[in-house]
Structure formats: structure tokens, C-alpha cells
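Have the sequence and the 3D view open side by side for this one.

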Amino acid sequence: MLHIEGLKVEVAGKEILHGIDLHVPAGETHTLFGPNGSGKTTLLNTIMGLSQYQITAGTIRFAGHDITHIPTYERARLGIGLSFQRPPTIHGVKTRDMVRIAAGGREVDVDALAHQLNMEQFLGRDVNAGFSGGEIKRSELLQLLARHPDMVLLDEPESGVDLENMALIGSIIAELLHKDRKRHRREKSGLIITHTGFILDYLEADKGYVMCNGTIKCHGIPRELLSSIREHGYEECIACRI
Ligand SMILES: Nc1ncnc2c1ncn2[C@@H]1O[C@H](COP(=O)(O)OP(=O)(O)OP(=O)(O)O)[C@@H](O)[C@H]1O
Ligand SMILES: [Mg+2]
């Protein structure tokens, strides 16, 4: 589904990613761990094709297409969707209209989707204007739910979300990733950045990576990686030469 090879990325003339190799097969969900500033958001935003991220080497292939240099809207049309770590506020655009736009040509019942996420009362407000941290995360998810992308990129989806809504977003992300289906029948893939790993309580992830200083230092079973990070900290990952 998603195949990244030797990816180097610069932001504002500074190299942030120093050669990333990563492969997310169809139907699998992978998680990305790593300390602040290690390049996780840079990787997701680069996959989505945001303009400030300059690819200086390597390739990104998605569903058989070389998407390394195509614009963001084409990536979205091919089936990639991103929930931002810090999405912008969009004054003058109502959340209801944004959800319709996110749906593209798909027929969606905006009210029903908003009800699923406990967000009915936000549909009449400008996108993210005055939303709390947790409300912003739910609003992002509402747009993704309308879009239903094949490759779901989530940048810290649980950050700032209260415990009750955590269960809600956890179940919706699981639904987005076809976790209710048998493994071989899942068609959606995911790449999820998480610091806490709370999201792993709601969906099983197939593989995890630890990113440090713009390189992937380690991969393994997400829960095992997380408990090792809890016990030894990221210093151990940086020092590790496996
Ligand atoms: N415009 C910019 N100019 C200079 N450096 C930048 C710019 N944008 C991002 N960076 C740097 O790139 C590095 C990687 O940032 P990124 O947001 O990808 O980290 P992250 O792993 O997502 O961290 P966090 O866990 O805090 O979200 C950081 O050191 C950041 O300061
Ligand atoms: Mg980040």
C-alpha cells in the first residue's frame, strides 16, 4: 500500500529526515514513536505532500503510484487522508461545510457522522475556531470519517482527548481501519503517531517504529516498543545499534 524508500526531507533548508525506509502493507496499521522534534510529523506531512517539505532524495509509492512529487490533492484523491497534529483554524468556513468538502463526491449524512463523534453542536461553528484541544482532534476525525481514506495518517489522535471521548475516538479509528473485519479482509491501512500508546487499547497495531533524529532506529511489536521506551527511555533507542 505505502512504500517509502531512502526518503530525505528538508524544511526551510535544513535536513530533518535523513533516509527513511518504511512499508505499510494493505490492511495493516503501524505506529510511530519518538521524542519531540524527531521528525514524526515531518514524515506524515511529507507523505501528504504539504508544500514546505522538500524531498531531496528517495521515493514514496502508494497503491502502485509514484507519489513522490505529485500535489496534495492528487494524493488525497488516490486515497490518503491526514489528521493533523495541529490543524489550522479556518475562519469563514463552517465545520458542516468542511465535512462535506472532506467527503469529496461521497454521499454522507453529516449529522449522523457528527452524532457518532458527539460533535453535533460544532457543525455550525467555524472550523476549529475556539475549539478545545480535544474538540480539535474530534473535528479532524469527523472530516476523516467523511473522507474514508484507504491510508489513514493520524498525528497524535489522542492528544488532549478526555478519557470518555478517548473510547469514542478509539472505536471510530478502529472502524476507519476496518478492525471489525478479519485480518485478510481489511482494506484500509494506517500510520499513527502516538506518545502515550493509549490508542493501542482500542485497536491492534501490526508494527511499530521508533524515530530518533530523523531516522528510524528500531521496529517491532508496538506494545513491546512502548514498554521498553517506558522502562529505558529514548536514550536506549539512540544508543542501540541493532
Ligand atoms: N520551518 C522550520 N524551520 C526549522 N526547523 C523546523 C521547521 N519546521 C520543523 N522544523 C524542525 O524539524 C524537527 C522535526 O519536527 P517534527 O514536527 O517533525 O517533530 P515531531 O517528531 O513530530 O515532534 P513532536 O513529538 O513534538 O510532535 C524539529 O526539530 C522542528 O523544530
Ligand atoms: Mg509531531
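## Starting inside the protein

Let's begin with Leu-32, which stands opposite Tyr-209 in E11. Keep in mind that this is a predicted model, where local features need pLDDT of at least 70, side-chain atom pairs count only at pLDDT 80 or more, and totals for chains, interfaces and linings use all residues. Residues are numbered from 1 along each chain as its sequence is written, while chains are lettered from A and ligands numbered from 1 in the order in which they are written.

Leu-32 belongs to one side of strand E3 (residues 29-33), along with His-30, while Thr-29, Thr-31 and Phe-33 are on the other, and all of them are buried. "Buried" here is a count: 20 or more other C-beta atoms within 10 Å of the residue's own, with 12 or fewer making it exposed, anything in between partly exposed, and C-beta atoms placed from the backbone. Strands (E, at least two residues) and helices (H or I, at least four) are DSSP runs, numbered from the N terminus. With five of its five residues buried, E3 is largely enclosed by the rest of the structure.

What does E3 pair with? Strand E11 (residues 207-212) runs parallel to E3, and four bridges join them. Strand E10 (residues 189-193) also pairs with E3 in the parallel sense, again over four bridges, and there Leu-32 has Ile-193 as its bridge partner. Two strands count as paired if DSSP finds at least two bridges between them.

## The open sheet

Elsewhere, four strands make an open, antiparallel sheet in the order E2-E1-E4-E5. E2 and strand E5 (65-66) are the edges, each with a single partner strand, so one side of each is left without a neighbour in the sheet.

Strand E1 (residues 2-11) and E2 share eight antiparallel bridges, including the one between Leu-2 and Val-24. Two residues sit between these strands in their hairpin, where Ala-12 takes a positive phi near 50°. At the other end of the order, strand E4 (residues 53-62) and E5 pair over two antiparallel bridges, and Phe-62 has His-65 as a bridge partner.

Leu-22 lies in E2 and counts as buried because it has 20 C-beta neighbours inside 10 Å. Leaving out residues up to four places away in sequence, Leu-22 touches Ile-4, Tyr-209 and Ile-216, a contact being C-beta atoms, placed from the backbone, within 7 Å. Leu-22 and Tyr-209 are 187 residues apart along the chain, yet their C-alpha atoms are separated by 9.0 Å.

## Around ligand 1

Which residues are closest to ligand 1? They are Asn-36, Gly-37, Lys-40, Thr-41 and Thr-42, out of 13 that surround it; a residue is near a molecule if its C-beta atom, placed from the backbone, lies within 6 Å of it. Strand E2 (14-24) and helix H1 (40-48) are the elements that give two or more residues to this shell, and H1 provides the largest share, three residues.

H1 is mostly covered, with eight of its nine residues buried; Lys-40, Thr-41 and Thr-42 are among them.

## The nonpolar core

The largest nonpolar core has 59 residues, and Leu-142, Leu-145 and Leu-153 touch the most other members. Such a core is a set of buried Ala, Val, Leu, Ile, Met, Phe, Trp, Tyr and Cys residues joined through C-beta atoms within 7 Å. Beyond four places in sequence, the contacts of Leu-153 include Leu-44, Ile-47, Gly-81 and Leu-191.

Gly-81 is in strand E6 (residues 80-83) and counts as buried, with 23 C-beta neighbours inside 10 Å. Among its contacts beyond four places in sequence are Leu-144, Arg-147 and Leu-153.

## The whole protein

Stepping back, the protein has eight helices and 12 strands. Its radius of gyration is 17 Å, close to the 18 Å that the globule rule gives for 242 residues, so it is as compact as a globular protein of that length. That radius is taken over C-alpha atoms, and the rule is 2.2 Å times the number of residues to the power 0.38.

Of the 242 residues, 41% count as buried. Among contacts with a separation of 6 or more, 70% come from residues 24 or more positions apart.

Technical notes: Two residues are in contact if their C-beta atoms, placed from the backbone, lie within 7 Å.
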